[in-house]
Amino acid sequence: MIVLKRIFSTFLLALVFLLPFSVSAQIGNYLGDESDLYAATKQMNQFFRRFNHEEDKLGNKFDPSSKEFRNNSDRKDYINILFDGQNKAVPQSVKDDFVNQVTNSSNPTFLEFHGGNWFAEVTTRFVYEGREQDLTLFMKLQEERVGSKWVISNVYFSPFAKIMGKDIQDPNKFLHPLSHELEFMNLRKIFDEPQELKEVKNYVEVNHKTDYVTLFLYEVARNALQFKTVTNVKFHFFQIDNWYLEVSRFNRGGYNNGWLISNLARLTPDNKDVLLNYIYSNGN
């Protein structure tokens, strides 16, 4: 019996040191038969439930009338294990500030599936111009009279971006205000330009924004874009005041895998639009 106890103690000690420090420190509080708590967060619905503390450590849902349901004290443990333990880019102090805000006893914050302000980034592969290319679909939930559904809200495709470029116009290229007196014959100079200089976007109204969803629909409709497969999915959350969350799926050994918080950043009204533009342009 003494030998078995020594072997078991050695195993537990080795387990703690093999895991990333931030995770192992928490696991140290839960070693034993509660280790199922650290199993993969296999589905996004489970990520919501764990973040909100709506299920127990074995995955059983709490009754909404129970004292455990959305218990703020226990939520801290759940939320801390939902971070990607291998991402050292987010300081622990930032994580602590975030967790303290969402578990504030006087004003706790929860993630709501139908709460809006979150969307999916779906990397897909299409055949275009004879070769397979990645195309990113941004999907959001649209509420219906009965239930809801995912819809395409934006598209990023590098060939589109290469052709259309930024929505910035060259001030040196314009149609003279008296063009109408010549029955707009000077339109010829726009369309007769060499292909590499042909930028008709300089002649549309200044507030014009390229609609990549319409371009996508057009290319699909004429069968120029042919769907092959989905290669990656992640989610962007703007539901928590002053914070941005990115949630990605990790498929690796150990307890820290499944759907996890892969990025966390403080958010202000000024940098929210900058961040959204960055996401929609795939970081370009």
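Helices (H or I, at least four residues) and strands (E, at least two) are DSSP runs here, numbered from the N terminus. This is a predicted model, in which local features need pLDDT of at least 70, side-chain atom pairs count only at pLDDT 80 or more, and totals for chains, interfaces and linings use all residues. Residues are numbered from 1 along each chain as its sequence is written, and side-chain values use heavy atoms, with hydrogens and water left out.

Start at strand β2, which contains Gln142. Gln142 is partly exposed, at 34% relative accessible area (buried is under 20%, exposed over 50%, partly exposed in between; 1.4 Å probe, protein chains only). Gln142 touches Ser148, Lys149 and Val151, leaving out residues up to four places away in sequence (contact means heavy atoms within 4.5 Å). Its side chain also makes a polar contact with the side chain of Glu144, at 2.8 Å (a pair of N or O atoms within 3.5 Å; within protein, one must be able to donate a hydrogen and the other to accept it, and residues adjacent in sequence count only if both atoms are side-chain atoms). His114 is 28 residues from Gln142 along the chain, with 9.0 Å between their C-alpha atoms.

Now the interior. A nonpolar core is a set of buried Ala, Val, Leu, Ile, Met, Phe, Trp, Tyr and Cys residues joined through side-chain atoms within 4.5 Å. The largest one has 39 residues, and Phe98 and Phe237 have the most contacts inside it. Elements supplying at least two residues each include α3 (44-52), α5 (92-102), β2 (131-143) and β4 (225-237). Strand β1 gives the largest share, 5 residues. Beyond its neighbours within four places in sequence, Phe237 contacts Met44, Phe48, Trp118 and Trp243, among others. A second, separate core has 8 residues, including Phe138, Tyr244, Leu267 and Leu276.
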